[in-house]
Amino acid sequence: IIENHALWFSSPFVFNDPFDCWSVVDVGTDEQKSQWISKNSKKNVLIDAVAHSNYKSIEQNLKPSLLKQSADNTLSQIRICSFSLICDSILMWSHYAKEHTGMCFMFDFKEDPSLVDCCSRISYVFQIKPCNVLSETGRKDLVRKCILSKYKDWQYEEEVRSIKFGDD
């Protein structure tokens, strides 16, 4: 923030909680499988599956591991900047302020309302629900259930996230 006058957006794969942004996939219906295969037939995620197979066998053998790979490929294109609505938690300072030696930056959302438009609050849940990556709203489902949901144990953070797709 100080040197580059910019916020840092991290890959979800480098978060300190290995279950944060962890995708759990729903295998979907046969019709969703057919549509998804048609839409993704040229993408890398299907290259291994299509080798030496016909269309019908791919559809019949579309396994959760392939769907998980698809979800993880989408997650690999996402970058996240995390904020907290609290600044006076000793636990937060322990986790995120380089062992209490860091700094806390406060942002005034009233002064820059555009910040509010690009942020979403985390939903704290007891169980992460499977996302259906095969559906038309698969990407939104992945964001809502995977990126904007965390286990209830993390609720003390009162986290808000800004999400970017791609490298820009």
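**Salt bridges and a surface patch in a predicted model**

Trainee: How many salt bridges does a search of the whole structure find?
Mentor: This is a predicted model. Side chains of opposite charge can pair when their charged atoms come close. Searching the whole structure for such salt bridges gives a total of 5.

Trainee: Which side chain meets Lys 150 in a salt bridge?
Mentor: Lys 150 lies in strand β4, and its partner sits in the segment before α1, so the pair ties together parts that are 130 residues apart in sequence. The N to O distance is 3.6 Å. The partner is Asp 20.

Trainee: Is Asp 20 buried or exposed?
Mentor: Buried means under 20% relative accessible area. Asp 20 has 6%, so Asp 20 is buried.

Trainee: How far apart are the closest N and O atoms of Asp 20 and Arg 161?
Mentor: Arg 161 lies in strand β5 and Asp 20 in the segment before α1. They are 141 residues apart in sequence. Yet they form a salt bridge, with the closest N and O atoms at 2.5 Å.

Trainee: Which residues do the salt bridges that share partners join into one network?
Mentor: Arg 161 also meets Glu 159 in a salt bridge. Glu 159 is buried, at 6% relative accessible area. Shared partners join Asp 20, Lys 150, Glu 157, Glu 159 and Arg 161.

Trainee: Which residues make the nonpolar surface patch of about 560 Å²?
Mentor: One member lies in the segment before α1. That residue, Ile 1, counts as partly exposed because its relative accessibility is 44%. The patch is made by Ile 1, Ile 2, Leu 7, Met 103, Phe 105 and Phe 107.

Technical notes
Residues are numbered from 1 along each chain as its sequence is written. This is a predicted model: local features need pLDDT of at least 70, side-chain atom pairs count only at pLDDT 80 or more; totals for chains, interfaces and linings use all residues. Side-chain values use heavy atoms; hydrogens and water are left out. Patches are made of residues with over 30% relative accessible area and no salt bridge: like charges are joined within 9 Å, nonpolar side chains (Val, Leu, Ile, Met, Phe, Trp, Tyr) within 5 Å. Accessible areas come from the Shrake-Rupley method with a 1.4 Å probe; for residues, only the protein chains shown count as cover. A salt bridge is a side-chain nitrogen of Lys or Arg within 4 Å of a carboxyl oxygen of Asp or Glu. Helices (H or I, at least four residues) and strands (E, at least two) are DSSP runs, numbered from the N terminus. Buried means under 20% relative accessible area, exposed over 50%, partly exposed in between (1.4 Å probe, protein chains only).
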